[in-house]
Amino acid sequence: MDNMAYNGIIQKYRRFLPVEDYAEFVSLDEGQTPLLKAPALSRWISPHVTLYLKIEGQNPSGSFKDRGMTMAVSHAKFQGHEIVMCASTGNTSASAAAYAARGGMKCVVLIPDGNIALGKLAQALVHGAQVISIQGNFDDALTIVREVTMKYPIALVNSVNPVRIDGQKTAAFEIVDELGEAPDIHALPVGNAGNITAYWKGFKEYFAAGISTKLPRILGFQAEGAAPIVDGAPIANPKTVASAIRIGNPASWQSAVSARDESGGLIAKVSDTRIIQSYLQAARLEGVFAEPASLTPIAGLKMLAEQGYFQQPVTVTVTLTGNGLKDPGTAVEYSNSELQSIPPTVDAVIQSLGY
Ligand code: AN7
């Protein structure tokens with residue numbers, strides 16, 4: 001086994017996944033992402049926090065969705081489907097489009113009109129998916145996709161498909177494998193709430209198998225204008241700069257609440273201002289460029305630290321869910337760096353350096 005080439009999360013974690021009968025997998029060698037120690041960001045948050053970043057933006061399509069998508073598309077193929085379909089704020093569609101291409105299948109994606117990051121739209125288009133922009137938000141799109149896939153022979157690959165959750169739980173396995181133990185706290189953004197459900201499932205399964213001796217507290221963070229779980233009611237018009245988590249009625253709401261309560265954690269909301277601040281801090285203090293939604297938990301940890309939440313030394317792992325390159329518009333808009341245009345001379349450059 002040791003000298004076998006890496007072939008993605010299904011091959012690696014097969015004994016924890018419902019895949020016994022699959023003749024073939026559709027994989028792009030997803031998983032095995034870095035767990036990067038982040039000392040400067042730790043210091044910025046709290047002297048009690050030792051922070052590790054699970055860089056899920058290094059998956060094949062640039063987000064954590066690939067772990068679930070290798071499962072969902074393999075499963076769809078195993079069931080004889082030729083078409084997969086999803087609603088998406090962008091990353092699910094990018095991933096579905098890539099895995100459908102890899103599997104020789106057709107992919108249809110419904111996206112909220114004019115509201116997904118440019119890189120993600122580019123991905124779905126370049127992989128040959130049929131991209132349908134609906135005049136509504138993510139929640140409207142998911143409602144439609146659920147109905148269409150119920151009536152027609154099309155596989156639904158949103159995280160309401162339980163095999164998606166099974167694939168995504170492998171990120172929790174990798175964290176425990178690398179640390180040799182579960183962290184004290186795991187923090188992540190919450191949108192449709194599939195990933196928080198998946199991590200909690202993964203940590204519990206490893207604990208049950210005796211691979212870890214403890215369970216982490218799960219801390220989930222939503223954006224202030226899209227925080228239905230924190231506010232306790234669906235939101236008709238969710239708003240946040242973090243377009244990936246602009247979701248007003250999460251499909252996995254109940255299991256997110258269970259993850260929070262069973263783990264002794266919390267789900268809180270943070271402002272867009274804090275999200276952008278953390279986005280720039282990660283990029284500038286650690287050299288890590290993740291998309292805005294990914295920094296919601298960093299903003300949340302900083303906010304909790306200010307409220308005195310951390311009183312003891314703790315190991316904290318954070319999922320950075322998607323790659324910063326997916327959303328160049330937000331990067332340019334908020335980076336506070338002026339592009340100077342100067343004559344092409346040494347003197348002009350020296351002058352702009354302030355010598
Ligand atoms: C970067 O792509 O829902 O709570 O349609 O892209 O599991 O939904 C994306 C979600 C966090 C939230 N970070 O995860 C979609 C979609 C990024 C994301 C989330 C998403 P869930």
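What radius of gyration would a compact globule with 355 residues have? Near 20 Å, and the protein has 20 Å, which agrees. That radius is taken over C-alpha atoms, and the globule rule is 2.2 Å times the number of residues to the power 0.38.

A word on the source. This is a predicted model, where local features need pLDDT of at least 70, side-chain atom pairs count only at pLDDT 80 or more, and totals for chains, interfaces and linings use all residues. Numbering starts from 1 along each chain as its sequence is written, and side-chain values use heavy atoms, with hydrogens and water left out.

Overall, the C-alpha trace spans about 65 × 50 × 50 Å along its principal axes. The protein has 15 helices and ten strands; these are DSSP runs, numbered from the N terminus (helices H or I, at least four residues; strands E, at least two).

H9 (residues 194-208) and H11 (residues 253-263) pack at about 45°, axes 8 Å apart. Axes are lines fitted to C-alpha atoms, for helices over the stretch in contact, and angles run from 0 to 180 degrees between N-to-C directions. So H9 is oblique to H11: neither under 35 degrees (roughly parallel), nor over 145 (roughly antiparallel), nor 65 to 115 (roughly perpendicular).

Contact means heavy atoms within 4.5 Å. H9 brings Ile196, Thr197, Trp200 and Lys204. H11 answers with residues including Ser255, Ala259 and Glu262.

Last, H13 (residues 296-306). Ten of its eleven residues are buried, meaning under 20% relative accessible area (1.4 Å probe, protein chains only). Gly308 follows H13, with a positive phi near 85°.

Definitions and conventions. Buried < 20%, exposed > 50% of the residue type's maximum accessible area, 1.4 Å probe, protein only.
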